[in-house]
Amino acid sequence: MVLGPTQIEEKILNKGAAPQMYNRTREFSKTLGRVHQNLQYLFQTKNPVFLLTCSGTGAMEAAVLNTLSKGDEVLAVNGGTFGGRWTEICKKHGVKVKEIKLKYGQPVDPKDIDRELSRNRNIKAVLTTLNETSTGILTDIKSIGAIVNRYPAILVVDGVSGVGVEEMPMDKWHCDVLLTSSQKAMALPPGLAFISFSKKALRSAGKACLRTFYFDVFDYQKNWERDQTPFTPAIALIYQLDVRLQKIRKEGLERYRKRYKRLTGILRRGIKAIGLKMSGEKLSNCVTGIWSPDGIDASKVVEHMQENYNIYIAPSPGDLKTRLFRIGNFGDIKEKDILRMLSALKDTLSYFGHIEKSEAKKWSRNQ
Ligand code: PLP
């Protein structure tokens, strides 16, 4: 129950062991054609969604390299590790960043973005994160999209741990670049990323000077039109993606999301009953940050759960290592897995001296 890579159902795992098809064939294009259509459904967009063979960070860098030029000014929302990564990528390529740095666990106020954009009409892009996985905080992309749409800037959204389990209709919410990767909300092995550009973003791409060979959006577009990719893709992962997308399509995005929301609700009610505090108010589906009780080292809780119950939950990066642990319920996690984890967590905390509250006792008796 970490935040990706996730538990994957056997049927999809086994698809990865199928013989590798030569990718420049009509047969493979047929598979890719279906995948392309289903990715548009996932992103809720009429624009092409390109398949990149890389992790999520590769797609983030592709977004920057394709739409910006050295010396351009951008606004980046830094609510944690992944928001901060936008700044790191931009700086590496000579793009000037104005950061909105958030306090831990706080979502960005869309009005702050409006203020910055109205102050500086030169801002070329607003870079943000749908779900800041390091904190679990969900961003109000809908409101931000309505704001950015009134300016020349484009809105770039990292949806790595959100697309699929959170609402994110790209076109309706005026998002110009949306990206995600395979190993979190998509519950597949790592190695693939997906990225889409609006017409406005493609206009920026036409003018941008930070060109890239491997990630050149126009090369991807040309190949997308014949249901191909410019270079050899991770074929086994595409077989797995094909099955995942067909499953989502069959179930329907809304029902798929609701199923995860229900499981996340069970998890959070259990966490509250144990008497623990979560990392923020506006938490995204499937990522729950939890403060370790006073005097109990969060990293020790993570280790104890692994060593004694074979349950993997996630530690936190940097300064929060000893204070916060995080639990994911992406992928093939069932209600029984959540209940088993909660029970193990409760026992782990008592082992470290956490006093059980009466609600926790009641919760245990009811399971
Ligand atoms: N963005 C978000 C929101 C993430 O959660 C992650 C990974 O945890 C990344 C980007 C980076 O993805 P990757 O590790 O696949 O490069």
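**A helix and its surroundings**

Guide: Start with helix H7, where Lys 200, Ala 201, Ser 204 and Ala 205 are buried. Buried means under 20% relative accessible area, exposed over 50%, and partly exposed in between, with a 1.4 Å probe and protein chains only. These four cover an arc of only 145° around the axis, which puts them on the same side of H7. The arc is taken over the directions from the helix axis to the C-beta atoms.

The model is predicted, so local features need pLDDT of at least 70 and side-chain atom pairs count only at pLDDT 80 or more, while totals for chains, interfaces and linings use all residues. Residues are numbered from 1 along each chain as its sequence is written, and side-chain values use heavy atoms, without hydrogens or water.

The face away from its buried side carries exposed residues: Lys 199, Arg 203, Gly 206 and Lys 207. Contact means heavy atoms within 4.5 Å. The labels are DSSP runs numbered from the N terminus: helices are H or I with at least four residues, strands E with at least two.

Follow one of these neighbours, H8. This helix spans residues 217-224, and Val 217, Tyr 220, Asn 223 and Trp 224 are buried in it. Their arc is only 125° around the axis, which puts them on the same side of H8. They pack against helix H2 (26-43), strand S1 (49-52), helix H3 (56-67), strand S9 (193-197) and helix H7 (199-207). The N-terminal end of H8 has a cap, Asp 216. A side-chain oxygen of Asp 216 lies 2.9 Å from the backbone nitrogen of Phe 218. That is a polar contact: a pair of N or O atoms within 3.5 Å; within protein, one must be able to donate a hydrogen and the other to accept it, and residues adjacent in sequence count only if both atoms are side-chain atoms.

Gln 44 lies in the loop between H2 and S1. Its phi is near 55°, a positive value in a residue other than glycine. Gln 44 is partly exposed, at 35% relative accessible area.

H3 gives the most to the shell around the ligand, with 3 residues. In total, 13 residues surround the ligand, and the closest are Ser 55, Thr 57, Thr 133, Asp 158 and Gln 183. A residue counts as near if one of its heavy atoms lies within 4 Å. By class, the shell has 3 nonpolar, 7 polar and 3 charged residues. Here Ala, Val, Leu, Ile, Met, Phe, Trp, Tyr, Cys and Pro count as nonpolar, Asp, Glu, Lys and Arg as charged, and the others, Gly among them, as polar.

Now the polar atoms. Ser 55 places a polar side-chain atom 2.5 Å from a ligand oxygen. An N or O atom in the side chain of Asp 158 is 2.5 Å from a ligand nitrogen. Lys 184 has a polar side-chain atom 2.9 Å from an oxygen of the ligand. Taken alone, the ligand exposes 390 Å², and the protein buries 87% of that. Such areas come from the Shrake-Rupley method with a 1.4 Å probe; for residues, only the protein chains shown count as cover. H3 and helix H4 (81-92) are the elements that give two or more residues to this shell.
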